[in-house]
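Here is a short briefing to read alongside the structure. Have a look around first, then follow the notes below.

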Amino acid sequence: MSKSPKRLKNPADKYQKSKLSIFASFYKPHLNLFVLDMTCAFFVAAIDVAYPMITRFALNNLLPNKQFSEFFWLMAMLVLFYVIRSGLHYIITYWGHQLGVYIEAGMRSDLFNHLQRLSFKFYDQNRTGQIMSRMTTDLFDITELTHHCPEDIF
């Protein structure tokens, strides 16, 4: 597990960066894992698009012309594609969620450092339990977003 680097050395720097660039900076230490996840998502999408096209070709061209050997070879190829797709889905599910967990850990670390810099007056005015509950639920939602959103957009 890689340790996330300090993204903001000076707390005042956060006002000079856009929120999107700060969010994207959490992907940087785990770029290889992100590329693996997106590559697998690309191939799953390509296989999903290929299925109806190949099926239409087989039903419209091979079966009416009684080309049964080519038809069965094509169906065997579709079964192989399905096995490959299952493997790719495993990678997306396991390693993609692992990517989300790594990003969440980096965000937790930054949030904890931010909470350490807050004044005692802030804690007098806000309940600690509510702060922690909010952080936990929001970070879980962000973890799911970091994993699923790029795949869904892609």
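**Helix packing and a nonpolar patch**

Helices α2 and α3 cross with a left-handed sense. Please keep in mind that this is a predicted model.

**The chain overall**
- The protein chain holds five helices and zero strands.
- Read from the N terminus, its elements follow the order α-α-α-α-α.
- Of its 154 residues, 25% count as buried.

**How α2 and α3 pack**
- Two packed helices are described by the angle between their axes and the distance between the axes.
- For helix α2 (residues 31-62) and α3, the angle is about 160° and the axes lie 8 Å apart.
- Because angles over 145 degrees count as roughly antiparallel, α2 is roughly antiparallel to α3.

**The nonpolar surface patch**
- Which residues make the nonpolar surface patch? Leu36, Tyr90, Tyr94 and Trp95 do, and the patch covers about 430 Å².
- Helix α3 (residues 68-117) supplies the largest share of the patch, with three residues.

**A closer look at Tyr90**
- Tyr90, one of the patch residues, sits in helix α3.
- Is Tyr90 buried or exposed? Its relative accessible area is 54%, and since exposed means over 50%, Tyr90 is therefore exposed.

Conventions
Residues are numbered from 1 along each chain as its sequence is written. This is a predicted model: local features need pLDDT of at least 70, side-chain atom pairs count only at pLDDT 80 or more; totals for chains, interfaces and linings use all residues. Side-chain values use heavy atoms; hydrogens and water are left out. Patches are made of residues with over 30% relative accessible area and no salt bridge: like charges are joined within 9 Å, nonpolar side chains (Val, Leu, Ile, Met, Phe, Trp, Tyr) within 5 Å. Accessible areas come from the Shrake-Rupley method with a 1.4 Å probe; for residues, only the protein chains shown count as cover. A salt bridge is a side-chain nitrogen of Lys or Arg within 4 Å of a carboxyl oxygen of Asp or Glu. Helices (H or I, at least four residues) and strands (E, at least two) are DSSP runs, numbered from the N terminus. Buried means under 20% relative accessible area, exposed over 50%, partly exposed in between (1.4 Å probe, protein chains only). Axes are lines fitted to C-alpha atoms, for helices over the stretch in contact, and angles run from 0 to 180 degrees between N-to-C directions. Angles under 35 degrees count as roughly parallel, over 145 as roughly antiparallel, 65 to 115 as roughly perpendicular and the rest as oblique. A crossing is left-handed if the near helix is turned anticlockwise from the far one by less than a right angle, and right-handed if clockwise.
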